[in-house]
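Please open the model in your viewer and keep the selection panel at hand.

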Amino acid sequence: MTGTTLAAALTTSFTLGFPAAAQAALSGESSQLTRAPYLSDLTGASVVVNFGTAAQSHGSVSYGPPGQCTAHSVVSTKLGSPITVNGVTEYQNSVTVTGLTANTAYCYRVYTGGTIPVDLLGTNASPVFTTLAAATDSGPFTFDVMGDWGDTTNSGVDDGSLNVNQAGVDAQVAASGARFLVSAGDVAYQGGTATNYGDLYQTGVDVSAVFGPSYWAVPGMSVPVYSTSANHGQNATFLSMWPEANIAANGVYSMVSYPSIDGTTPGTYPTTYYAFTTGGVRFYVLDMSWGNSNVGTATGGTCGSHCAIYQVDHDAHWTTSSAEYQWLSADLAAHPGGIKLAFFHFPLRSDDATEPDDQYLDATAGSTGTIEQLLKSGGVQLAFNGHAHDYQRNVAPPFGLISYVTGGGGGSASSIGGHGCESTDAYAVGWSYSHAKGNACGAAAPPTSDAQVYHFLRVTVNGSVISVAPTDSTGTVFDPYTYNLAPDSTPPSAATGLTAVLSGASNVLNWAAAKDNVQLGGYDVYRDGAYLATVRPNSLTYKDTTAGGVAHTYYVVARDLAGNTTASPSAKG
């Protein structure tokens with residue numbers, strides 16, 4: 001077939017495959033492009049460029065430094081893989097570009113194969129991305145975190161119209177200047193199918209929820225994604241949509257067969273855990289997930305049915321003898337010191353009543369063998385989670401981690417605090433569609449619009465300082481917080497002036513602020529010698545509602561971010 005004939009055949013395929021009324025998504029792109037190029041598997045020396053086409057060929061990528069975007073080229077050794085999007089056959093192309101230099105900007109263009117390749121971006125500018133910095137690089141860099149995205153549900157209504165809040169979040173990610181994005185799981189609602197992921201042209205209920213023109217089409221061209229499995233999309237499509245073979249070479253990123261666990265039906269599911277280091281930070285992208293439809297006899301324990309998937313996930317992945325636990329334990333030990341961050345789906349702490357804490361992962365006072373304890377003892381300082389479709393920042397208890405819930409990427413927003421707010425909940429916002437109002441925990445005020453709940457996290461690393469800037473779908477930054485994670489062996493001063501006053505059946509504690517040479521992390525409250533609660537560092541009071549109307553002895557421990565502590569004198573109340 002000649003190049004002219006091939007080009008004609010590709011155009012014919014598009015004309016037959018898509019509705020005549022379909023609108024071009026990117027101004028000036030080729031009609032043969034069905035998914036805008038998007039990036040995955042970024043390393044310091046390589047990247048995978050993914051894109052969709054209307055006909056099958058050996059896709060190719062030209063690339064080079066800015067201003068020389070076609071200096072080099074690579075042609076895929078494989079034909080595009082056929083996929084079916086809403087009944088239409090398309091072709092998924094993934095081209096690995098190698099030989100790149102660390103911490104360097106590149107621009108690129110994507111083409112069909114054949115003797116006369118078609119520039120699929122047409123008149124659009126060449127996208128630009130930057131490779132990972134070396135592990136020892138000390139320069140500042142920014143990345144984004146987002147969970148639970150790719151949903152056509154708009155403000156609680158799923159009729160196939162534009163999800164304006166998700167579109168707003170994606171637009172903000174595109175403008176964030178991030179080197180890459182780490183996904184906290186659950187991409188492409190409702191089932192992670194090729195149709196849910198979609199393309200540039202088709203619309204409808206649960207169609208094109210990720211690769212639609214107003215969603216990941218623009219940010220995906222310049223912001224590579226590191227992804228991990230979750231409870232939606234437990235299928236091989238997930239792995240093919242987000243190739244991560246190079247970055248995940250030290251872990252597992254494949255379909256894995258599981259026997260019956262807790263009475264579940266044996267099955268094969270995507271299993272994804274891996275680690276990488278860039279700019280002096282070790283990133284742990286972990287698999288804490290299980291599908292909703294196969295929980296066997298799991299009950300969720302005292303948490304109930306909402307936690308049945310947590311129970312199976314733990315028994316599949318996180319017993320001390322499991323493969324993932326053993327891998328993580330070994331990798332943490334092999335990389336002592338430095339900044340370490342963890343990313344996974346199920347939340348360590350969540351005040352969402354329907355998607356609560358994963359108590360099978362949580363450390364508690366006196367517990368042993370939990371994943372949170374393993375992460376903490378291995379030097380991980382912050383954890384980023386999804387699953388609950390809201391925002392929540394949690395201070396660390398004395399035996400645990402600082403953690404964020406960032407499930408506001410596009411899935412229908414959920415309420416916060418329906419069963420109360422934990423003392424470790426420093427700031428949280430959610431939305432109730434049934435009551436048409438916002439709700440909040442900690443220091444937050446209830447949002448006045450669901451647009452304030454949809455969000456992503458913009459995280460900047462500058463040496464030992466980590467700044468987290470939650471940004472909502474309107475571009476407003478809320479609850480910004482900066483952590484100084486520098487090594488520190490100096491304990492804070494004591495919290496002074498502790499008082500305990502009986503108020504009805506409760507005791508109300510108050511104290512004066514402690515001071516620390518680097519940064520205070522929080523206050524731990526003890527009653528009769530036993531741990532009771534942790535409150536955020538700018539809170540100087542705690543109400544013990546379980547006091548039972550009897551006298552108790554209390555003391556408060558000031559704790560800094562490095563874990564150094566100083567106890568206050570006790571008080572009775």
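Which residues lie nearest the centre of the second largest pocket? In this predicted model, select Gln381, Leu485, Leu561, Ala562 and Gly563, which lie nearest its centre among the 33 residues that line the second largest pocket. About 560 Å³ of space lies in this pocket, and strand β23 gives the most to its lining, with 3 residues. If you colour the lining by class, you will find 16 nonpolar, 11 polar and 6 charged residues.

Next, turn to the largest pocket, which has a volume of about 710 Å³.

Now move to the aromatic rings, for the structure holds 41 aromatic pairs. Select Phe238 and Tyr253, whose ring centres are 6.3 Å apart and whose planes meet at 40°, so the pair is tilted. Because Phe238 lies in helix α4 and Tyr253 in strand β12, this pair ties together parts that are 15 residues apart in sequence. Both Phe238 and Tyr253 are buried.

Then select Tyr391 and Phe478, an edge-to-face pair with 5.0 Å from centre to centre and 80° between the planes. Tyr391 belongs to strand β17, whereas Phe478 sits in the loop between β22 and β23, 87 residues apart. Tyr391 counts as buried at 0% relative accessibility, and Phe478 is buried with a relative accessible area of 10%.

Finally, select Arg282 and Tyr284: Arg282 lies over the face of Tyr284, at 5.7 Å from the ring centre.

Methods. Residues are numbered from 1 along each chain as its sequence is written. This is a predicted model: local features need pLDDT of at least 70, side-chain atom pairs count only at pLDDT 80 or more; totals for chains, interfaces and linings use all residues. Side-chain values use heavy atoms; hydrogens and water are left out. Rings of Phe, Tyr and Trp (its six-membered ring) pair if their centres lie within 6.5 Å; planes under 30 degrees apart count as stacked, over 60 as edge-to-face and the rest as tilted. Helices (H or I, at least four residues) and strands (E, at least two) are DSSP runs, numbered from the N terminus. Buried means under 20% relative accessible area, exposed over 50%, partly exposed in between (1.4 Å probe, protein chains only). A charge sits over a ring if NZ of Lys or CZ of Arg is within 6 Å of the ring centre and within 35 degrees of the ring normal. On a 1 Å grid over the protein atoms alone, a cavity is a set of points where a 1.4 Å probe fits but cannot get out, and a pocket is an open set with protein on both sides within 12 Å along at least five of seven lines; lining residues have an atom within 4 Å of a point. Grid points are joined across faces, edges and corners, and a volume is the space filled by probe spheres set on the points. Ala, Val, Leu, Ile, Met, Phe, Trp, Tyr, Cys and Pro count as nonpolar, Asp, Glu, Lys and Arg as charged, and the others, Gly among them, as polar.
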